[in-house]
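These notes are for a colleague opening the entry for the first time. Please keep the structure in view while reading the numbered points.

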Amino acid sequence: MKIAVLPGDGIGTEIVAEAIKVLKVLDLPFEMETALVGGAAYEAHGHPLPESTLKLAQASDAVLFGAVGDWKYDTLDRPLRPEQAILGLRKNMGLFANFRPAICYPQLVDASSLKPELVAGLDILIIRELTGDIYFGQPRGRRVATDGHFPGAEEAFDTMRYSRPEIERIAHVAFQAAMKRDKRVTSVDKANVLETFQFWKDIVTEIGLQYPEVTLDHMYVDNAAMQLVRAPKRFDVVVTGNMFGDILSDAAAMLTGSIGMLPSASLNSKNQGLYEPSHGSAPDIAGKGIANPLATILSAAMMLRFSLNQVAAADRIEAAVSKVLDSGLRTTDIWSEGTSRVGTVEMGDAVVAALAK
Ligand code: NAD
């Protein structure tokens, strides 16, 4: 089992170190190789996704990814910015299906910004299409004035686009995931305004016919945003396009208390996957030793389950995290009155200790 470890920037290195500590105590035959990505790779090699890093990722069964980015790179040309590394990995590895579970741990009900009764027992899965939509559509760009009066651009544009196979395969992923859960899929679109999403809705409906046990409903994205904070437990599996999924999954993250708790998996058709916390590199707290490593540790558990076929080990990690929360240990982002505040390393150590018990 070969794992490419790409810690990246900011808190990425701190939280990935804790996940590796946890993986090591499982005593499974992993081969782990670390490489630079994001701003760290730009500093060393002049590119956020060097060829050697991409090759390592492609040759591995799974990629454990921290986070990339820092505001200091915001003035770089877009292809050289750290965030381009993630887009490059997704595109080159064909990682089209992004799984973002939003689970509210009973111990953290009070950390949510919503009333406890709205989030207690919450367990939803957002499946976001990851390699199409307006983030990848062509043409895109800025138009420059031709009359010479305006030195800058006069307009900017991006193209929203989906192909039939792209929608079909993500719809299958969503229905298959629902079959293992509560058998309900909500497809989120904007079919009332956008051609692309009428097309999306038609194809998801068509694929749904192949899964008669699964109940399918459709929801406009604006309503979905509202329902996510009004009655989030009404959802089971939510499937949507790249841009809507980007936004809705961050909103769903907050239902659970902290973005520091949320893992994610991005898979291709061979079950090769990239596993990363849902949050970014958090430059505001980088180097302070206070970042929550649990999202990354839970991402490692998803990696064991989806790409490495080590379901028992994944279950053990998830149970260990739950035990640590039971014991009252909290990083700052999930701390509340009456619990014990710990740093990144102590939290990782606590998970390791809980695994050993
Ligand atoms: P962010 O997710 O990095 O941080 C948002 C807020 O959440 C911050 O206040 C941060 O301190 C807090 N936070 C995030 N993770 C945490 C953790 N594990 N524990 C405790 N608190 C945590 O988002 P941002 O501030 O908008 O972006 C910062 C940088 O990260 C930018 O350069 C952005 O482009 C990049 N980014 C990268 C990824 C990725 O690598 N996949 C994703 C999102 C943003």
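Where is the place of Ala282?

1. Ala282 sits in the loop between β12 (273-277) and α10. Helices and strands here are DSSP runs numbered from the N terminus, with helices (H or I) of at least four residues and strands (E) of at least two. Phi of Ala282 is near 40°, a positive value in a residue other than glycine.

2. A word on the basis of these notes. This is a predicted model, in which local features need pLDDT of at least 70 and side-chain atom pairs count only at pLDDT 80 or more, while totals for chains, interfaces and linings use all residues. Residues are numbered from 1 along each chain as its sequence is written, and side-chain values use heavy atoms, with hydrogens and water left out.

3. Ala282 also belongs to the ligand site. There are 22 residues around the ligand, and those that come nearest are Val68, Glu83, Gly280, Ala282 and Asp284; a residue is near a molecule if one of its heavy atoms lies within 4 Å of it.

4. Gly280 places a backbone N or O atom 2.7 Å from an oxygen atom of the ligand. For Asn292, a backbone N or O atom lies 2.9 Å from a ligand nitrogen atom. Glu276 has a polar side-chain atom 3.1 Å from a nitrogen atom of the ligand.

5. In contact across the boundary are 16 residues of domain 1 and 14 residues of domain 2, where contact means heavy atoms within 4.5 Å.

6. How much area is buried between domain 1 and domain 2? The value is about 1500 Å², and carbon and sulfur atoms give 64% of it. Buried area is the accessible area (1.4 Å probe) that two parts lose on being put together, summed over both. In domain 1, the residues that lose the most area to domain 2 are Arg90, Lys91 and Phe96, together 40% of what that side buries.

7. Six residue pairs are in polar contact between the domains, both residues at pLDDT 80 or more. A polar contact is a pair of N or O atoms within 3.5 Å; within protein, one must be able to donate a hydrogen and the other to accept it, and residues adjacent in sequence count only if both atoms are side-chain atoms.

8. On the side of domain 1 that touches domain 2, α4 (84-93), α10 (294-306) and α11 (311-326) each supply at least two residues. The most come from α11, with four residues.

9. The structure as a whole holds 19 salt bridges. One of them joins the side chains of Glu31 and Lys2 (3.9 Å, N to O). Glu31 lies in strand β2 (residues 31-34) and Lys2 in strand β1 (residues 2-8), so the pair ties together parts that are 29 residues apart in sequence.

10. Two further loop features deserve a look. The peptide bond from Gln138 to Pro139 is cis, with omega near 0°, and Pro139 is in the loop between β5 (123-129) and β6 (141-144). Asn309, in the loop between α10 and α11, has a positive phi of about 55° although it is not a glycine.

Terms used: Salt bridge = Lys/Arg side-chain N within 4 Å of Asp/Glu carboxyl O.
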